[in-house]
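The following paragraphs lead the reader through selected contacts of a protein structure. The sequence and the structure come before the explanation.

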Amino acid sequence: MKKFIVLLSVVFLCAVLYTGWSVLDKRVFSARVPEQTMSVYQKMDVLSQDVYQLTKEAKYGEAKKKLAELGILFAGTKPPKGLSIEAVNALSDTIVKAKRAFAAVEAEPNRLLWHALQVRLAIDSLTHEKQPLWKNYYNSYQEHINKMMLLSAGRKQAEFSRAFVQNLQLYQTLKPAITVAASSQQLEMLSSLYSFLLQETRKVEYNWDAITNALTELNRLVDAIFIGEDQSTFAPGMPPESPLLIIALFASVVLTSLGYVGWKKYKAEQSAKKRKRREP
């Protein structure tokens, strides 16, 4: 089981990186501003672009140098006004971990690309406050939560565990970037929810009611962080991908099936009674 989850994690990591390519390619960059006129944060943004692009092209030596430049520039720059200590620490830690990964004797290409993506998203969140790249992952996040809600409703333990591993990795990829934009309260709640869900998936028997409640809160929190809504909007106007709607549909299918089986059983019993009455 553990080997399968590790394999699933590797496959999902590749999927995240592929999604990262498509997401980052959507950012339209104008011609680069001359370096002497750039702000320090614009320079960081360009360096993070270079780190990601060079890693994507398997030019690891050049990417490593750009990452070192980015680390020096970040360490010597005063944080922007209003940036929380948690965000500063998260950004610094992201750069440091990426540098360690690139310094490894036997660096794994996918792992390097994951770190490069994480750095790119984190630095972009500083320079593009209104339209950061990490928010393009909202649909993927919602799909994960919807899937987990459905599996929770169906009490499908093994499948739920695999789906949670996928979502956890997406969360870990976006966490440094999210830390820049989210409030301390939101970050604490997010961390608490994932800690709880992780503990549940390590148990022999899951507490499905508690998991459903946690996923409902996670759905609300993700909406608040990604699109600024304090609470999810349910019916009327419930979106097709809404977890509650999916669960309701799932329940209706189950109830319909049970009703049909009950009706068939009733008809069979009535036919049997009629046959007995006709017998001499």
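In this predicted model, lysine 203 and glutamate 200 join their side chains in a salt bridge, with 2.7 Å from N to O.

By the rule applied here, the count of salt bridges comes to eight. One of them pairs aspartate 209 with arginine 155, whose closest N and O atoms are 3.6 Å apart. Aspartate 209 belongs to helix 9 (residues 208–227) and arginine 155 to the loop between helix 6 (138–153) and helix 7 (157–181), so this pair ties together parts that are 54 residues apart in sequence. Aspartate 209 is exposed, with a relative accessible area of 52%, while arginine 155 is partly exposed, at 41%.

Another salt bridge links glutamate 217 to arginine 220, with the closest N and O atoms 2.6 Å apart. Glutamate 217 and arginine 220 are three residues apart in helix 9, and about one helical turn therefore separates them. Glutamate 217 has a relative accessible area of 25% and is partly exposed; arginine 220 is partly exposed as well, with 24%. Elsewhere, salt bridges connect Asp45, Arg120 and Asp124 in a network.

A further topic is the packing of helices. The axes of helix 2 (residues 40–56) and helix 3 (residues 60–75) come within 8 Å and cross at roughly 160°; the two helices are therefore roughly antiparallel to each other. Their crossing is left-handed. The residues of this contact between helix 2 and helix 3 comprise 11 nonpolar, two polar and five charged ones.

Key: Residues are numbered from 1 along each chain as its sequence is written. This is a predicted model: local features need pLDDT of at least 70, side-chain atom pairs count only at pLDDT 80 or more; totals for chains, interfaces and linings use all residues. Side-chain values use heavy atoms; hydrogens and water are left out. Axes are lines fitted to C-alpha atoms, for helices over the stretch in contact, and angles run from 0 to 180 degrees between N-to-C directions. Helices (H or I, at least four residues) and strands (E, at least two) are DSSP runs, numbered from the N terminus. Angles under 35 degrees count as roughly parallel, over 145 as roughly antiparallel, 65 to 115 as roughly perpendicular and the rest as oblique. A crossing is left-handed if the near helix is turned anticlockwise from the far one by less than a right angle, and right-handed if clockwise. Ala, Val, Leu, Ile, Met, Phe, Trp, Tyr, Cys and Pro count as nonpolar, Asp, Glu, Lys and Arg as charged, and the others, Gly among them, as polar. A salt bridge is a side-chain nitrogen of Lys or Arg within 4 Å of a carboxyl oxygen of Asp or Glu. Buried means under 20% relative accessible area, exposed over 50%, partly exposed in between (1.4 Å probe, protein chains only).
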